[in-house]
Amino acid sequence: MSNKNRLRRTLMFLNAQRANLVRDGYIYRPDSVIFDLEDAVALSEKDSARVALYHVLQYVDYHGVERLVRINGTDTPFWQEDIRAIVAGGCDGIRIPKCETAADVEKVDEAVTKAEQEFGQPAGSTLLFAGIESPLGVHNALELATSSERMTGISIGAGDFKGSMHAHYREDGAELYGARYALVMAARIAGVQCYDTVYTCVKDFEGLKKETQLIYDMGFDGKSVIYPRQVPVIHSVFTPTAKEIEKAEAIVTQLGSQASEGIGVFVIGGDMVDVAMLEGAKRTLMLAKAAGVYKGAVQL
Amino acid sequence: MKLNHAAVSGTEDSGDVFVEIAPGTGTLEVDLTSKVIRQYGRSIRQAVGETLDRLHVTDAHVVVKDKGAVDHTIRARVATAVFRAADQKDNLPWGDL
């Protein structure tokens, strides 16, 4: 089952052209997989990958891992048939690449609505995610994040973005600060999620951990993944410490009882706490539960 | 579905299947090779046959070289070969597959 607010710490790309990859991608336990019909698939195999993916969506049990699909861009001849195939197959959501304006999302939304009707899927059940990969897309991040009722999350794709910006890689990520802040701020305003770009040095797990810590601290909800062994590294960063869990639990439980007594501000462990911290505390407990390190009684 | 010419799909990579289809001579013929033909020959033939049936292909010669593909991969490769042979690129009958 899919829903807009589910946990998406890791969104792992799988090349839809590779039969042996897509049949069991769930075993790596990302929160979501993104079957890729776009960049990873050779032009001559677009049709074949689409048919194979339809069958995977129809017949393979992904054991609760969310099944998203990156379709081909709306500037190609492939995207409309992509949508018919994957909506018929019953995917959970669609990542639209290279989004720049609300019109890019609106035409996909329209095609998805039509496909849901054609193949008897529940209306509105297919979620949308906007891939932002250009300066104009970053500039219009809020417009994209609010462009559809289906919109669930926005993501930054750094490769194309850096190229367009004439920017160069820096270990501290300075070349992406502006774009990352623009996206996470737009996401928070719009009430959708926000995901970071892939980490392309697939064997540098220390570098991945540093970058994940950076985006976690900035407020991102998750990170795109291109290599299965990156999944546990990212999940470890998104796993709260015992101290953070203890404090979050105290905030959630005590805010309820204090509020009923008319107290809005109080102290936990020497720190002042108020209602503004409730949402963050709940999120900490949700992350802890997902990581299996919290089995407390607080209901979220 | 009417086949206009020969077409292929899939690969001979491990875990995949290579399918070649051509217009037939009035009947449906399937030539299957597989290392696991003794254990899975019947189920592979069933997947091929059901897919052709759903796409209303009754006159074709099909060569299937299985390299350990699972059921849904076999169905996908056969369907792709049919669509290619029929020159059907859009408005595919997804609901019938």
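The legends below describe close-up views of a predicted model.

**View 1. The closed barrel of chain A.** In chain A, eight strands form a closed barrel in the order S1-S2-S3-S4-S5-S6-S7-S8, and their pairing is parallel. Averaged over the sheet and with direction ignored, neighbouring strands are turned by 25 degrees against each other.

**View 2. Strand S1 of chain A and the strands on either side.** Strand S1 of chain A, residues 10-15, is mostly covered, with five of its six residues buried. S1(A) pairs in the parallel sense with strand S8 (residues 222-225) of chain A over three bridges, and Thr10(A) has Lys223(A) in S8(A) as its bridge partner. S1(A) is also joined to strand S2 (residues 32-36) of chain A, which runs parallel to it, by five bridges, and here Asn15(A) stands opposite Asp36(A) in S2(A).

**View 3. Strand S8 of chain A beside strand S7.** Strand S7 of chain A, which comprises residues 193-196, runs parallel to S8(A) and is joined to it by two bridges. Within this pair, Tyr195(A) has Gly222(A) of S8(A) as its bridge partner.

**View 4. Strand S3 of chain A, covered on both faces.** In a regular strand, side chains alternate between the two faces of the sheet. In strand S3 of chain A, residues 66-70, five of the five residues are buried; Glu66(A), Leu68(A) and Arg70(A) lie on one side, Arg67(A) and Val69(A) on the other, and both faces are covered. S3(A) pairs with S2(A) in the parallel sense over five bridges, and Leu68(A) in S3(A) is the bridge partner of Ile34(A).

**View 5. Helix H4 of chain A against the sheet.** Helix H4 of chain A (residues 102-118) has 17 residues, which at 1.5 Å a residue should span 24 Å, and the distance of 24 Å between its end C-alpha atoms agrees with this expectation. H4(A) lies across S4, S5 and S6 of chain A and runs at about 150 degrees to S4(A). Its buried residues are Asp104(A), Val105(A), Val108(A), Asp109(A), Ala111(A), Val112(A) and Ala115(A), and the elements of chain A that cover them include helix H3 (79-89), strand S4 (93-96), strand S5 (127-132), helix H6 (141-145) and strand S6 (151-156). After H4(A) comes Gly120(A), which has a positive phi, near 70 degrees.

View 6. Apart from neighbours within four places in sequence, Leu255(A) is in contact with Val275(A) and Leu278(A). Between Leu255(A) and Met185(A) there are 27 Å in space, C-alpha to C-alpha, and the two residues are 70 residues apart in sequence.

**View 7. The contact between chain A and chain B.** To this contact chain B contributes 19 residues and chain A contributes 17 residues. On the side of chain B that touches chain A, helix H2 (residues 71-85) of chain B gives the most, with seven residues. By class, this side of chain B has eight nonpolar, seven polar and four charged residues.

How values were computed. Residues are numbered from 1 along each chain as its sequence is written. Chains are lettered from A and ligands numbered from 1 in the order in which they are written. This is a predicted model: local features need pLDDT of at least 70, side-chain atom pairs count only at pLDDT 80 or more; totals for chains, interfaces and linings use all residues. Two residues are in contact if their C-beta atoms, placed from the backbone, lie within 7 Å. Helices (H or I, at least four residues) and strands (E, at least two) are DSSP runs, numbered from the N terminus. Ala, Val, Leu, Ile, Met, Phe, Trp, Tyr, Cys and Pro count as nonpolar, Asp, Glu, Lys and Arg as charged, and the others, Gly among them, as polar. A residue is buried if 20 or more other C-beta atoms lie within 10 Å of its own, exposed if 12 or fewer, and partly exposed in between; C-beta atoms are placed from the backbone. Two strands pair if DSSP finds at least two bridges between them. The expected span of a helix is 1.5 Å times one less than its number of residues. Axes are lines fitted to C-alpha atoms, for helices over the stretch in contact, and angles run from 0 to 180 degrees between N-to-C directions.
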